[in-house]
Each structure stands twice: as structure tokens, then as C-alpha cells.
Amino acid sequence: MSQFIEPQPFQTHPDTFSRSELRKHLRHHRRALSFEQQQQAAEYLALNLLSNPDLHRARHIAIYLPNDGEIDPHVYLDIARRKGIRFYLPVLHPIHEGRLVFSPYYHGVELTANRFGIPEPAFSKGLRRPAWALDAVLFPLVGFDEQGGRLGMGGGFYDRTFAFSRIRPRLAPKLIGLAHDFQKVKKLPIEPWDVPLHSVVTDKRRYRFSG
């Protein structure tokens, strides 16, 4: 692996931004990465995921397709598939607005762009896996802090889908955010509806939370 080149720092410290400003700047920052930087970040991410104890017994894992500069989980996926792990992609629910279902993601599956331009499998009641039946969920972050605060795209899809984890945490899968390490900021405000993360995994390290 070649030496990873750090992105240039913000001219203004990101912790001084509002949530919308911070989201804009962090998205711009990760989209500015070169293909080589993204590939190397994906390789380091895979190493950190493969050694993550939260995933050692997981056999059904939700994942995502990067489309906005998000760190790419495909290196990990390709290795984990050879160990028999099954993966699922989020699909916008056609009836329950703002919620997700999860459909199998395998070689050759047909994908169609949803209204946000993100490829997803077709909705199927017979093939989908309920959120509570997943062992782990790997989802992209726009930003995060070391206390477990997180910043997403602002749609609230994961919060609505996994809201049950607040009431019945034993039924909840491991919720693991993925990000480039430079997406960490000093402090993010926690909203009442934010579903807490078990951990965040980046290209450099793992962050675990006790809340």
C-alpha cells in the first residue's frame, strides 16, 4: 500500500459550522479525494472491519453503495463474502415513507437508481430481510465525534428504520458507522431522534461507544 495523503484541512475549523454548513464542507472534502486515495482508504477500512469484534459472528450484514465520496466498503465485502457472509442493500420502502427495507446484494443482482440517484435492488416482500433480523448494519456517515454523535445526509432514514433499537436494544443489530477518519469533528449535537451507534470504523481506527 502506498503512503496515504491526508486531505487539506479546512480553512475554518469545522466545529464552528452549523450542521448544514458542516455537512456541506465534509461532503466536499471527501468528494475531493482521488481514486487512489479512496482505494487506499477502502483497503485500510477492510482491515479494521475484519478485525472488528462486533462483526466476528455476524452472518447477515447491511451495507451501502458509495455515491458521494463515502468511504467504500467493497474491499471488505469481497473478502467477507468468501467466508459465507450475506450482504443486503437498503431499499426505500414504497409505502412507509422515510423508512428502509433490506434486500439481498449478490453478484448479478439488478440495480435501479432510486429517486436520490442511488442504485438499489427492486423491492420484494419475499426477499427482503427485516431490520431486526440483521446482525450488523454498516452505513455511511457525513461526520462523527468521539462521543458517538453522528451527522448523516439529513433524511433520517436510518433513524426511523432502527427507532425500535431504543425500546428493544437486545433485538437491534450492531449499528456501525463508516467514514474517513478526517470526518471526525470535536463535538456534534445529539438530536432526540438520533439512534445511537455501537461504533464507528474508519480507515485509521475503530471508535467504540458505551451509550
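Which residue stands opposite Ile 176 in strand 10? I started my notebook with that one, and found Ser 199.

**Setting up.** I am reading a predicted model, where local features need pLDDT of at least 70, side-chain atom pairs count only at pLDDT 80 or more, and totals for chains, interfaces and linings use all residues. Residues are numbered from 1 along each chain as its sequence is written, and side-chain values use heavy atoms, leaving out hydrogens and water. Helices (H or I, at least four residues) and strands (E, at least two) are DSSP runs, numbered from the N terminus.

**Strand 9.** I looked up residues 174–178 and found four of the five buried (under 20% relative accessible area; exposed is over 50%, partly exposed in between, with a 1.4 Å probe and protein chains only). Next I checked its pairing, which takes at least two DSSP bridges between two strands. Strand 6 (residues 136–140) pairs with strand 9 in the parallel sense over five bridges, and there Leu 138 has Ile 176 as its bridge partner. Strand 10 (residues 199–201) also runs parallel to strand 9, joined by three bridges.

**Helix 1.** Then I turned to residues 19–31. Which residues of helix 1 are buried? I noted Leu 22, Arg 23, Leu 26, His 29 and Arg 30. They lie on the same side of helix 1 because they cover an arc of only 130° around the axis, taken from the directions from the helix axis to the C-beta atoms. On the other side I found Ser 20, Lys 24 and His 28 exposed. Finally, I saw the buried residues of helix 1 pack against helix 2 (35–50), strand 7 (143–144) and strand 8 (150–151), with contact meaning heavy atoms within 4.5 Å.
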